[in-house]
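Please read the following note beside the sequence and the model.

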Amino acid sequence: MNDTAGTLVKGQKVAVVGAGICGSLTAWFAQLSGLQVHVFESDEHKKSCSFTAAGMLAPMAELESSSDDIYQLGKHSIELWPSIIDSLPQKIFYRTSGTLVVSHRQDRGSYQQFVKSLQVKLNHKFNQECELLSCHSLERHALEPELTNLGEALHLKNEAQVDGNQALNALHDTLKKKAHWHVKDVNDINAFNVDGETFDWVFDCRGLKASKDIVGLHGVRGEVITVKAPQVNLFHMVRVMHPRYRIYIVPRENHHYMIGATEIQSDDDGPVSVRSTLELLSAAFSVHSGFAEARIISLNSHVRPTTMDHQPFIETQPGLTRLNGLYRHGFLLSPAVVAKVFNGLGMDVSEYLTGEPYAHCV
Ligand SMILES: Cc1cc2nc3c(=O)[nH]c(=O)nc-3n(C[C@H](O)[C@H](O)[C@H](O)COP(=O)(O)OP(=O)(O)OC[C@H]3O[C@@H](n4cnc5c(N)ncnc54)[C@H](O)[C@@H]3O)c2cc1C
C-alpha cells in the first residue's frame with residue numbers, strides 16, 4: 001500500500017462500492033470516523049459471497065496453507081471483532097471457544113502432518129495457541145464429550161467465530177440509517193469519482209466483480225451445507241483432517257451446524273453439486289452419527305475472490321483504494337485490513353475500536 005497517496009479528514013464525502021463484509025466494514029469504519037458515507041450495492045437479495053461464509057475466525061487452522069501475514073492480520077481481527085459487534089445495536093452471535101482439529105484413526109497421517117506444520121510455523125507460540133489432546137481426554141477436559149470415538153485432537157484455543165449473516169445484516173441495517181445507501185450497479189469507478197459523481201475518496205470493494213481491474217483476480221468455488229441436528233451437541237468448531245478432503249463443522253445456535261466447505265478452482269457459482277453434498281454430509285456423519293437424522297436447512301455455494309498468491313489485495317492511489325482478494329478469509333481479515341487502510345489514510349480507528357472484551361461472548 002502506498003502510504004503517501006493522501007489523507008482523509010472528518011466530514012469528507014466518501015464512496016464505498018460493494019457491501020460484502022469488506023465494503024460493509026469499510027463503510028462502518030468510515031461512518032465511525034466522522035466521514036459522510038455513500039454505499040453503492042447492486043444486490044438487494046443478500047446473495048454476495050459474504051452471505052455464504054461460515055464466519056470462522058481461524059488464523060491458526062488456516063496457517064497450514066497460508067502465510068504469516070494472514071495469521072498476524074487474523075489475530076488482529078480477532079481483537080477487533082468484539083468492539084465492532086459492541087458498536088452495533090443488534091445482537092450478533094460471537095463465540096471464542098476455539099477449534100478442535102480431529103481425524104479418524106486411519107487418517108492419523110494427515111492429522112500428524114497438520115500438527116507438524118503448525119509446530120514449524122508457530123514455533124515457540126505453538127504452546128500458547130494450541131493444546132494436544134487425546135479424544136478420550138476431550139471428555140475429561142469437558143471439551144467435546146460426544147467426540148470420543150475419534151483419535152487425537154488439537155485444540156486451537158484462541159480461535160473464534162461470528163455469525164456472518166447476523167453481522168452483515170446488522171451492518172447493513174445500521175448503514176441504511178446512518179449513511180447514504182444506494183441500490184445501484186455501478187459501471188464506472190475511478191479516483192474521486194463513481195459513475196460521474198465526485199467524492200473525496202472512493203473505496204472499491206466489489207469482490208470478484210472487480211476482476212477486470214485487478215490482474216489475476218479469479219474465483220475459487222466453495223459449497224457449504226447448513227443442517228439442524230438436535231441429536232448433536234458440539235460447542236467448538238471442528239476441523240476433520242482427511243487425506244482427500246477436509247471439512248469443518250461450525251456449531252451455531254439452536255443445534256444448527258454449518259458443514260463445509262469445498263474448494264474448487266472455478267468461477268461457477270451455480271447450485272451445490274450432488275458429489276459435494278455426498279462428501280460433506282458423509283464426512284460429517286462419520287464424525288458424529290447424530291447427523292444421520294439432521295434436517296438440511298440450506299445448501300449454499302459461492303465463488304471466493306482470490307488473487308494469484310492468495311494474499312489480500314490492497315492498493316491505494318490518490319482518491320481510490322481497492323480492497324479485494326480476501327479468498328477464504330473475508331471475515332478473518334476484513335477488520336484488520338480495513339483498519340490498516342484507514343490508518344494509512346490518517347484516520348486512527350483505535351479511538352472507537354478499543355479491543356475491549358465483548359460482554360456477550362459465549
Ligand atoms: C463456502 C464459503 C465459506 C467461507 N467461509 C469463510 C469463513 O469461515 N471465514 C472467513 O473469513 N471467510 C470465509 N469465506 C470467504 C469470504 O466469504 C470471502 O472472503 C468474502 O465474502 C469476500 O468479501 P468481499 O466483501 O470482498 O466480497 P463479496 O462478498 O463478494 O462482496 C462484494 C459486494 O460487491 C457488490 N458489487 C459487485 N459489483 C458491484 C457494482 N458494480 N456495483 C455495486 N455493487 C457491486 C456485490 O453485490 C457484493 O455485495 C467463505 C467463502 C465461501 C464461499
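**Notes on the predicted model**

1. Serine 77 has its place in helix α3 (residues 68-86), where helices are DSSP runs of H or I with at least four residues, strands are runs of E with at least two, and both are numbered from the N terminus. With 1% relative accessibility, serine 77 counts as buried, a word used here for under 20% relative accessible area, against exposed for over 50% and partly exposed in between (1.4 Å probe, protein chains only). Leaving aside residues up to four places away in sequence, serine 77 touches Leu332, Leu333, Ser334, Pro335 and Ala336, contact meaning heavy atoms within 4.5 Å.

2. This is a predicted model, in which local features need pLDDT of at least 70 and side-chain atom pairs count only at pLDDT 80 or more, while totals for chains, interfaces and linings use all residues. Residues are numbered from 1 along each chain as its sequence is written, and side-chain values use heavy atoms, with hydrogens and water left out.

3. Serine 110 is found in helix α4 (residues 108-122) and is buried, its relative accessible area being 10%. Its contacts, again without residues up to four places away in sequence, are Met241, His242, Pro243 and Arg246.

4. How many aromatic pairs does a search of the whole structure find? The search gives six, where rings of Phe, Tyr and Trp (its six-membered ring) pair if their centres lie within 6.5 Å, and planes under 30 degrees apart count as stacked, over 60 as edge-to-face and the rest as tilted. One of them joins phenylalanine 29 and phenylalanine 342 edge-to-face, at 6.2 Å centre to centre and with 75° between the planes. That pair links distant parts of the chain, since phenylalanine 29 belongs to helix α1 (residues 21-32) and phenylalanine 342 to helix α9 (residues 330-344), 313 residues apart. Phenylalanine 29 and phenylalanine 342 are both buried, and ring pairs join Phe29, Phe203 and Phe342 into a cluster.

5. The ring centres of phenylalanine 40 and phenylalanine 199 are 6.0 Å apart and the planes stand at 90°, so this pair is edge-to-face. Because phenylalanine 40 lies in strand β2 (residues 36-41) and phenylalanine 199 in the loop between β12 (197-198) and β13 (201-204), the pair ties together parts that are 159 residues apart in sequence. Phenylalanine 40 and phenylalanine 199 are both buried.

6. Phenylalanine 199 also has the charged end of lysine 13 over its ring, 4.7 Å from the centre; a charge sits over a ring if NZ of Lys or CZ of Arg is within 6 Å of the ring centre and within 35 degrees of the ring normal. Lysine 176 lies over the face of tryptophan 181, 5.0 Å from the ring centre.

7. The chain is divided into domain 1 (1-95 + 160-211 + 308-362) and domain 2 (99-157 + 218-306), with bounds that come from an automatic or database domain assignment. Their centres, taken over C-alpha atoms, are separated by 27 Å, and 38 residues of domain 1 are in contact with 31 residues of domain 2.

8. Across the interface of domain 1 and domain 2 the rule finds six salt bridges, each a side-chain nitrogen of Lys or Arg within 4 Å of a carboxyl oxygen of Asp or Glu. Lysine 91 and glutamate 253 meet through their side chains in a salt bridge (3.2 Å, N to O).
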